[in-house]
Amino acid sequence: GRIVSIDFVCFEFKMVLAHFGIPCRVDDVYGYHSDRSDATRDDVKTSLIAAVYGGPPSFTDDYDDLYTKIQEFVDGAVATLCVQYLGREVHYKTAGDARRAFSHLIQFRSTVLFTLFVSTILQEITSQAVDAEVIATIYDELVIDCHVDYLLVIENIARDAAKSIFEQDNVSLVPRIRYGPNFGLLKHELT
């Protein structure tokens, strides 16, 4: 068999964009901004995630509206959303408490959507009688042990599932799919 990795690049940041209805058609947001600046991809990722959770904004030229929306959200809407999502009223004493609540909501949304993605993959593997088994989920990555004859079938299942689940948010979440003989040698990109 082969190990197949289905990884979503920029998953958490794109969940934030989707939450606020900000379209994003760039697959690797961090790489996109890194290519247009002197910053490394990791620096861009740190900066964008920090801006999302209340840090000073940078690399947000394409997302000027995002920082404003986050601040408005933190300043007043968290309690309302907690009532909607959690069924209870919550009052925050500090902006830090509100930011933590925002973080929990985004992580909750990410978890629910990723779980739906994994469930869809499992259903399709079963319904198509594919010789494959999900062996791990690691944050926003799904790892599958798959017979080599089914690599392209798994790729199609993953891309279709991602499109049906994530495209409704007007945010591109195209999975990066790699395979290899073991997890340490995931070098081959499927096309």
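The following questions and answers describe a predicted model.

Guide: Residues are numbered from 1 along each chain as its sequence is written, and side-chain values use heavy atoms, with hydrogens and water left out. In this predicted model, local features need pLDDT of at least 70 and side-chain atom pairs count only at pLDDT 80 or more, while totals for chains, interfaces and linings use all residues.

Visitor: Which residues of the largest nonpolar core touch the most other members?

Guide: A nonpolar core is a set of buried Ala, Val, Leu, Ile, Met, Phe, Trp, Tyr and Cys residues joined through side-chain atoms within 4.5 Å. Buried means under 20% relative accessible area, exposed over 50%, and partly exposed in between, with a 1.4 Å probe and protein chains only. Of the 46 residues in the largest core, those that touch the most other members are Val4, Ile6, Phe117, Ile121, Ile144, Ile154 and Phe166.

Visitor: With which residues is Ile121 in contact, leaving aside its neighbours within four places in sequence?

Guide: Contact means heavy atoms within 4.5 Å. With those sequence neighbours left aside, the partners of Ile121 are Leu142, Ile144, Ile157, Ala158 and Ala161.

Visitor: Is Ser110 buried or exposed?

Guide: Ser110 lies in helix H5, where helices (H or I, at least four residues) and strands (E, at least two) are DSSP runs numbered from the N terminus. Leaving aside neighbours within four places in sequence, Ser110 is in contact with Phe11 and Met15. Because its relative accessibility is 9%, Ser110 counts as buried.

Visitor: How many residues of H1 are buried?

Guide: Helix H1 covers residues 11-19, and its buried residues include Phe11 and Met15. H1 is mostly covered, and the number of buried residues is 8 of 9.

Visitor: Which element gives the largest share of the lining of the largest pocket?

Guide: On a 1 Å grid over the protein atoms alone, a pocket is an open set of points where a 1.4 Å probe fits, with protein on both sides within 12 Å along at least five of seven lines; lining residues have an atom within 4 Å of a point. The largest pocket has a volume of about 460 Å³, and the closest of its 19 lining residues to its centre are Phe8, Phe11, Glu12, Tyr139 and Asp140. Elements that give two or more residues to this lining are S1, H1, H3 and H5. The largest share, 5 residues, comes from H5.

Terms used: Grid points are joined across faces, edges and corners, and a volume is the space filled by probe spheres set on the points.
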